[in-house]
Amino acid sequence: VPKSHVVVERFDGGNLVGIKTFYLGEEVEYDSFNLHYIGTIISIGAKTISVRTTGGRKKMMKPAEFAWRNWDLDLVKLQAQNADTMMYI
């Protein structure tokens, strides 16, 4: 829903197995490599979701990429994984 929220639905075998709603201002994952990068949703459009990165830049994602990265988002778990990874860097 542009300018309001994003609804991510997860299907398995044609059955709905999960649904999450994200609103402007919420933290989400926008990238990953060794670490999971978390930013804040700053705009929601019909074709893109924009996130303010930790470096202050704007990252624009298509709905499919946004859904793939965030359908099972657990910020506490990601922060713990980042902390574990940072111990070895």
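**Ground rules.** I count a contact when heavy atoms lie within 4.5 Å. I am working from a predicted model, where local features need pLDDT of at least 70, side-chain atom pairs count only at pLDDT 80 or more, and totals for chains, interfaces and linings use all residues. I number residues from 1 along each chain as its sequence is written, and side-chain values use heavy atoms, with hydrogens and water left out.

**Overall picture.** I took helices (H or I, at least four residues) and strands (E, at least two) as DSSP runs, numbered from the N terminus. I find two helices and six strands, and from the N terminus on they follow the order β-β-β-β-β-β-α-α. Along the principal axes, the C-alpha atoms fill a box of roughly 40 × 35 × 15 Å.

The accessible surface of the protein comes to about 6,100 Å², and 54% of it belongs to carbon and sulfur atoms. For single residues I call under 20% relative accessible area buried, over 50% exposed, and anything in between partly exposed (1.4 Å probe, protein chains only). By that rule, buried residues make up 26% of the 89 residues. I also checked contacts between residues at least 6 apart in sequence, and 34% of them join residues at least 24 apart.

**Hairpins.** I treat two strands as paired if DSSP finds at least two bridges between them. Strand β3 and strand β4 (residues 36-44) pair in the antiparallel sense over five bridges. They form a hairpin with three residues between them, and I noted Gly39 in β4 as the bridge partner of Val28.

I went on to β5 (residues 49-52) and β6 (residues 58-61), which run antiparallel and are joined by four bridges. Ile49 stands opposite Met61 in β6. This hairpin has five residues between its strands, and Gly56 in the turn has a positive phi of about 90 degrees.

**Arg69.** Arg69 sits in helix α1 (residues 63-70), and because its relative accessibility is 12%, it counts as buried. What does Arg69 touch, not counting residues up to four places away in sequence? I get Glu29, Tyr30, Asp31, Ser32 and Met61. I also noted His36, which is 33 residues from Arg69 in sequence and 9.9 Å from it in space, C-alpha to C-alpha.

**Salt bridges.** My cut-off is a side-chain nitrogen of Lys or Arg within 4 Å of a carboxyl oxygen of Asp or Glu. The structure holds four salt bridges. One of them joins Arg69 to Glu29, with the closest N and O atoms 3.0 Å apart. Is Glu29 buried or exposed? Glu29 is buried, because its relative accessible area is 7%.

Next I followed Glu65. Its side chain meets that of Arg69 in a salt bridge (3.4 Å, N to O). Both residues lie in helix α1, four residues apart, about one turn of the helix. Glu65 also forms a salt bridge with Lys59, the closest N and O atoms being 3.9 Å apart. Glu65 counts as partly exposed because its relative accessibility is 26%, and Lys59 is partly exposed, with a relative accessible area of 26%. Which residues are linked in a network of salt bridges? I wrote down Glu29, Asp31, Lys59, Glu65 and Arg69.

**Nonpolar patch.** My last stop was the surface. Patches are made of residues with over 30% relative accessible area and no salt bridge; like charges are joined within 9 Å, nonpolar side chains (Val, Leu, Ile, Met, Phe, Trp, Tyr) within 5 Å. Val7, Phe11, Leu16 and Ile19 form a nonpolar patch, with about 380 Å² of accessible area together. β1 (5-12) and β2 (15-23) each supply at least two residues of the patch. I picked out Ile19, which is in strand β2; it counts as exposed because its relative accessibility is 52%.

Definitions and conventions: Accessible areas come from the Shrake-Rupley method with a 1.4 Å probe; for residues, only the protein chains shown count as cover.
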